[in-house]
Amino acid sequence: MVCCSRVLLRKYGDFIDNLRLFTRGGSGGMGYPRLGGEGGKGGDVWVVAHNKMTLKQLKNKYPQKRFVAGEGANSRVSALKGSKGKDCEIPVPLGISITDENGKIIGELNKEKDRILVAEGGLGGKLLTNFLPLKGQKRVIHLDLKLIADIGLVGFPNAGKSSLLSKISHAKPAIADYAFTTLKPELGKIMYNDFKQISVADLPGLIEGAHMNKGMGHKFLKHIERTKQLLFVVDVSGFQLSSQTQYRTAFETILLLSKELELYREELQTKPALLAVNKMDLPDAQDKFHVLMNQLQNPKDFLHLFEKNVIPERTVEFQHIIPISAVTGEGIGELKNCIRKSLDEHTNQENDAYHKKQLLNLRISNTISYSELPSKNAVTSARIDIT
């Protein structure tokens, strides 16, 4: 048992989703008092997003985790204006949130080549500084990775998320009988016949109390913030983490998952969501699925049966509910079609909203322009005055 735990710990250690770095802008160059020369500005430190970068690669390449930009050149007779110091660039993966030592957000990097200035170089020496250069800005920053994916899989341990990901994509996550198979996020891509690709993130299993950082806690929850949609995966037979914990039905599992999302960050519940009811190959699965569907269609008739602390303020409305078996492949084709349909609908809605906003801005702009034009009478009277 101890040996197994060590293997799991080592496996989790391969994945890094946060780093603390020291950064310092370069010092400015010396001025030249006799000729009024100005020293060059120190180099700046930038954080730059790269598609194929990981925080683990960053840590391995720069184990000291110190990033210092170059110093500005001194002013001299042959070059009274000193050249700027060399900038320092820190390569990071997409989906990085950057905060300072006090937790204040500096910015986010979500697209290739996005960049953020984190430490500015000092000014070169000049008349205002008595020709003495200024030191560069020192800053300790924290890099926090939140995976960007189209779909985020949400479910308690052993719901079959890893098996599902291996069925719908080319990802090869670890699959086993114990509860916490997934100890680090796994990314896969669903490939369609027309070459459309949809990214799916299988994230470490939630447990009750995850919003308070129990179990995988915030290591899981922060990663679903940047997914476009959620795919709830539940075991049709319900869930029980261990013999010491309470058994939960499939319906109760959905309530608890919704509650954990709500308590961590309420806006997560506004994301479009689908539901995959897994393990339909088990005995009595069809009967249990019909019971679950009745509960989902008439939730108010059953909520009184549960403790208030497990009931979310707002029950999730699923766009599609698909019975599947990640083992036999039952329903997998339909699930892939529903995922694509849901994402396409969401994209169309976003585009419509964007175009309506642009049109509204254009109308407002035109209204302001027309209102600023002088009236016909005012122009006539102005001409009369001039004459």
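**Reading a predicted model**

Student: Helix α5 covers residues 250-264. How do I check its span?

Tutor: Take 1.5 Å times one less than the number of residues. For the 15 residues of α5 that should give 21 Å, and the end C-alpha atoms are 21 Å apart, which agrees. Helices are DSSP runs of H or I, at least four residues, and strands are runs of E, at least two, numbered from the N terminus.

Student: What should I know about the model itself?

Tutor: It is predicted: local features need pLDDT of at least 70, side-chain atom pairs count only at pLDDT 80 or more, and totals for chains, interfaces and linings use all residues. Residues are numbered from 1 along each chain as its sequence is written, and side-chain values use heavy atoms, leaving out hydrogens and water.

Student: Is α5 mostly covered or mostly open?

Tutor: Buried means under 20% relative accessible area, exposed over 50%, partly exposed in between (1.4 Å probe, protein chains only). In α5, 14 of the 15 residues are buried, so the helix is mostly covered.

Student: Where does Phe67 lie?

Tutor: In strand β3, residues 66-68. Phe67 is buried, because its relative accessible area is 3%.

Student: Which residues does Phe67 contact?

Tutor: Contact means heavy atoms within 4.5 Å. Leaving aside neighbours within four places in sequence, Phe67 contacts several residues, including Thr23, Val45 and Cys88. Phe67 and Thr23 are 44 residues apart in sequence, yet 4.8 Å apart in space, C-alpha to C-alpha.

Student: How many disulfides does the structure hold?

Tutor: A disulfide is a covalent bond between the sulfur atoms of two cysteines. The cut-off is a pair of sulfur atoms within 2.5 Å. This structure holds zero. Cys88 counts as buried at 14% relative accessibility.
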